Amino acid sequence: MIIRRADKSDLNKVYLIEKDSFQEPWSRRFFEYFIDSDNTVFLIAVEEDVLGYIIWQLESTSKLKNFEDLNTGHLLNLAVGREHRRRKVASSLLERLFMEIDKYKPVATYLEVACSNQTAVNLYLKFNFQILSLIPKYYRLGGDAYLMVKVLF
Ligand SMILES: CC(C)(COP(=O)(O)OP(=O)(O)OC[C@H]1O[C@@H](n2cnc3c(N)ncnc32)[C@H](O)[C@@H]1OP(=O)(O)O)[C@@H](O)C(=O)NCCC(=O)NCCS
């Protein structure tokens with residue numbers, strides 16, 4: 001498995017994984033935007049095919065309480081193709097992400113995850129994210145989310 005930066009030619013496969021992975025998938029335009037955005041890390045895991053992806057963005061004004069004036073990162077998206085799950089693809093993407101973002105010196109990285117998504121919550125706990133709070137009705141269809149944070153420095 002290779003982990004590398006995503007480019008436009010990867011987006012068809014990325015978008016297929018997105019649609020198959022989430023009840024409320026991002027639109028394709030979001031992915032196009034993040035390919036070209038500054039202060040963003042958009043990585044994919046590849047074998048012959050795209051296995052999965054992760055997108056993270058640096059935020060200079062954080063929405064995390066007590067971190068407002070500090071560099072924090074937002075883990076915006078992570079998914080692995082159904083047929084490639086449970087092979088440490090997400091773990092490899094996260095490991096590489098934390099190496100890549102080191103240059104930004106973020107004090108923390110946060111994310112929102114559906115409370116019902118125990119698989120992803122387990123993954124993030126394993127990577128030392130902590131549940132900070134619950135965001136009621138975070139999703140359009142009404143599901144609650146956890147705000148999870150990993151302090152880095
Ligand atoms: C969550 C997701 C990205 C995990 O990807 P993955 O490549 O299968 O994960 P890994 O193989 O690296 O697993 C790492 C850890 O995650 C947890 N985990 C992964 N799959 C799990 C499952 N089916 N049940 C419980 N825990 C699970 C475990 O702690 C696992 O460690 P272990 O294998 O030592 O037990 C994948 O299931 C996915 O794409 N789901 C749909 C999209 C999604 O929920 N994205 C996250 C949104 S916030």
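Helices (H or I, at least four residues) and strands (E, at least two) are DSSP runs, numbered from the N terminus. The expected span of a helix is 1.5 Å times one less than its number of residues. The structure is a predicted model: local features need pLDDT of at least 70, side-chain atom pairs count only at pLDDT 80 or more, and totals for chains, interfaces and linings use all residues. Residue numbers start from 1 along each chain as its sequence is written.

Helix H3 covers residues 89-100, which is 12 residues. From its first C-alpha to its last it reaches 16 Å, close to the 16 Å expected at 1.5 Å a residue. Burial is judged by C-beta atoms placed from the backbone: a residue is buried if 20 or more other C-beta atoms lie within 10 Å of its own, exposed if 12 or fewer, and partly exposed in between. By this count, Val89, Ala90, Leu93, Leu94 and Leu97 of H3 are buried. These residues are on the same side of H3 because they cover an arc of only 130 degrees around the axis, the arc being that of the directions from the helix axis to the C-beta atoms. The cover over the buried residues of H3 includes strand S1 (2-5), strand S2 (40-46), strand S3 (50-59), strand S4 (72-80) and helix H4 (118-126).

A residue is near a molecule if its C-beta atom, placed from the backbone, lies within 6 Å of it. There are 18 residues around the ligand, and Arg85, Val89, Ala90, Ser91 and Leu123 come nearest. S4, H3 and H4 are the elements that give two or more residues to this shell. H4 gives the most, with five residues. Sorted by class, the shell has eight nonpolar, five polar and five charged residues. Here Ala, Val, Leu, Ile, Met, Phe, Trp, Tyr, Cys and Pro count as nonpolar, Asp, Glu, Lys and Arg as charged, and the others, Gly among them, as polar.

A nonpolar core is a set of buried Ala, Val, Leu, Ile, Met, Phe, Trp, Tyr and Cys residues joined through C-beta atoms within 7 Å. The largest such core has 37 residues. Those with the most contacts inside it are Val14, Leu43, Tyr53, Ile54, Leu93, Leu97 and Met148. Two or more residues of this core come from each of helix H1 (11-21), helix H2 (28-35), S2, S3, S4, H3, strand S5 (108-114) and strand S7 (145-151). S3 gives the most to the core, with six residues.

Not counting residues up to four places away in sequence, Met148 touches Tyr110, Leu111, Val113, Tyr124, Phe129, Gln130, Ile131 and Leu132. Val151 lies in strand S7 and counts as partly exposed because it has 15 C-beta neighbours inside 10 Å. With residues up to four places away in sequence left out, Val151 touches Val107 and Ala108.

Ala108 is also among the contacts of Leu64, together with Thr72, Tyr110 and Val149, not counting residues up to four places away in sequence. Leu64 is placed in the loop between S3 and S4. Leu64 has 19 C-beta neighbours inside 10 Å and therefore counts as partly exposed.

Arg5 and Tyr53 are 48 residues apart in sequence and 9.4 Å apart in space, C-alpha to C-alpha. Leu11, in helix H1, has 20 C-beta neighbours inside 10 Å and so counts as buried. Leaving aside neighbours within four places in sequence, Leu11 is in contact with Arg28, Phe31 and Glu32.

Phi of Asn39 is near 50 degrees, a positive value in a residue other than glycine. Asn39 lies in the loop between H2 and S2 and is partly exposed, with 13 other C-beta atoms within 10 Å. Asn128 has a positive phi of about 65 degrees although it is not a glycine. This residue is in the loop between H4 and strand S6 (130-135), and Asn128 is exposed, with 10 other C-beta atoms within 10 Å.

Conventions:
Two residues are in contact if their C-beta atoms, placed from the backbone, lie within 7 Å.
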